[in-house]
Amino acid sequence: MINDLNRPASPRPRRGGALIVAGRNILDRVLPPRCLGCGEVIAGDAALCASCWGKITFLGAPCCDACGQPFTYAVGDGALCASCLGRRPVYARARAVFSYDHASRGLVLALKHGDRSEGVAAYAHWLARAGRELLEDADLIVPVPLHWTRLLFRRYNQSALLARALAAVWCAAHPHQDPPVTYLPEVLVRTRRTPPQGKFDRTRRANNVRGAFVAPPARLRRIAAKRIVLIDDVLTTGATASACARVLLAAGAARVDVLTLARVLTPGI
């Protein structure tokens, strides 16, 4: 696997640039930016200090063309891992920014359960780089939904925050992409509150989310023939992503790819 992500640079403001920069400099003096990992004061928009950055396993090529599982050495374009050779996923391709492990778990859990959304801007840049091949010919960016009861409790959907920020970053960097990629929430609805997937095995995860998602009839026209990038925080077995992809494809989507902040790696590949 290759760490091909450089520290994210924030987009240059097009209007009122000097005022924005001055305002940010003042704010940084009053509330200096801190590392998302350890809380150490850092400079600029790095998001992580050098120590925490070095512990994160960023993902890239070479990897399985379908699920994105990294390979230890290059095996050629379009190569599949053993799992995908046996049975390809419902979605076309999946990519992730970094491995979900001891070093990165705190970042994900802070975003998901700790009201720590200040990292979303940096994560959006990382997602744009990790998902470039998915986004270059995509039509829609769609978040995995939460059940309304969980949304009421958490007050935000972390996948929606990532999806919206990613769409803004990508469109700002690719103003001439035609048609432009569109952030479209509420394409999927979670119809029942499923138990957390954390302690389930692969089979129970799939059963847990089977039939848990629907595409509202009012959204079908927006989905038809569209190439969709589905956004979530973590890809583990792919059960949730597959359940969502099935619904989108049945609703007429041309293709569904998956882009996540983190993914659990299968050892030995």
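This is a predicted model: local features need pLDDT of at least 70, side-chain atom pairs count only at pLDDT 80 or more; totals for chains, interfaces and linings use all residues.
Me: Let's start with helix α8. How many residues does it have, and how far does it reach?
Reply: Helix α8 runs over residues 158-173, so that's 16 residues, and it reaches 23 Å from its first C-alpha to its last. That is close to the 22 Å expected at 1.5 Å a residue.

Me: Which residues of α8 are buried?
Reply: The buried ones are Gln158, Ser159, Ala160, Leu161, Leu162, Ala163, Ala165, Leu166, Ala167, Val169 and Trp170.

Me: And what goes on at the start of α8?
Reply: Look at asparagine 157 there: one of its side-chain oxygens comes to within 3.0 Å of the backbone nitrogen of serine 159.

Me: OK, new topic. How many salt bridges are there?
Reply: The count is nine salt bridges. One of them joins the side chains of arginine 95 and glutamate 133, at 2.8 Å from N to O.

Me: Is each of them buried or exposed?
Reply: Arginine 95 counts as buried, because its relative accessibility is 8% and the cut-off for buried is under 20%. Glutamate 133 is partly exposed, with a relative accessible area of 36%.

Me: What about aspartate 139, which side chain does it meet?
Reply: Aspartate 139 meets arginine 227 in a salt bridge, 3.0 Å from N to O. The aspartate is in the loop between α6 and β2 (140-143) and arginine 227 is in strand β6 (residues 227-235), so this pair links parts 88 residues apart in sequence. Aspartate 139 is buried at 8% relative accessibility, while arginine 227 is partly exposed at 27%.

Me: And arginine 219, what's its partner?
Reply: That would be glutamate 186, with 4.0 Å from N to O. Arginine 219 sits in the loop between β5 (213-214) and α10 (220-223), and glutamate 186 in the loop between β3 (182-183) and β4 (189-190), so the pair ties together parts that are 33 residues apart in sequence. Arginine 219 is buried, with a relative accessible area of 19%, but glutamate 186 is exposed at 58%.

Me: Which residues do salt bridges with shared partners join into one network?
Reply: Arg93, Asp137, Arg255 and Asp257 are joined that way.

Me: What does histidine 147 touch?
Reply: Leaving out residues up to four places away in sequence, histidine 147 touches Arg190, Thr191, Arg192 and Arg193. There is also a polar contact of 2.8 Å between the side chains of histidine 147 and threonine 149.

Me: Last thing. In the largest nonpolar core, which residues touch the most other members?
Reply: Leu48, Phe98 and Trp126 do, out of 43 residues in that core. The elements that give two or more residues to this core are α2 (50-55), β1, α4 (105-113), α5 (120-130), α6, α8, β6 and β7 (255-263).

Me: How many residues are in the other core?
Reply: That core lies apart from the largest one and has 34 residues, among them Val142, Leu188, Ile223 and Leu235. In soluble globular proteins, nonpolar side chains tend to be buried together.

Notes
Residues are numbered from 1 along each chain as its sequence is written. Side-chain values use heavy atoms; hydrogens and water are left out. Helices (H or I, at least four residues) and strands (E, at least two) are DSSP runs, numbered from the N terminus. The expected span of a helix is 1.5 Å times one less than its number of residues. Buried means under 20% relative accessible area, exposed over 50%, partly exposed in between (1.4 Å probe, protein chains only). A polar contact is a pair of N or O atoms within 3.5 Å; within protein, one must be able to donate a hydrogen and the other to accept it, and residues adjacent in sequence count only if both atoms are side-chain atoms. Contact means heavy atoms within 4.5 Å. A nonpolar core is a set of buried Ala, Val, Leu, Ile, Met, Phe, Trp, Tyr and Cys residues joined through side-chain atoms within 4.5 Å.
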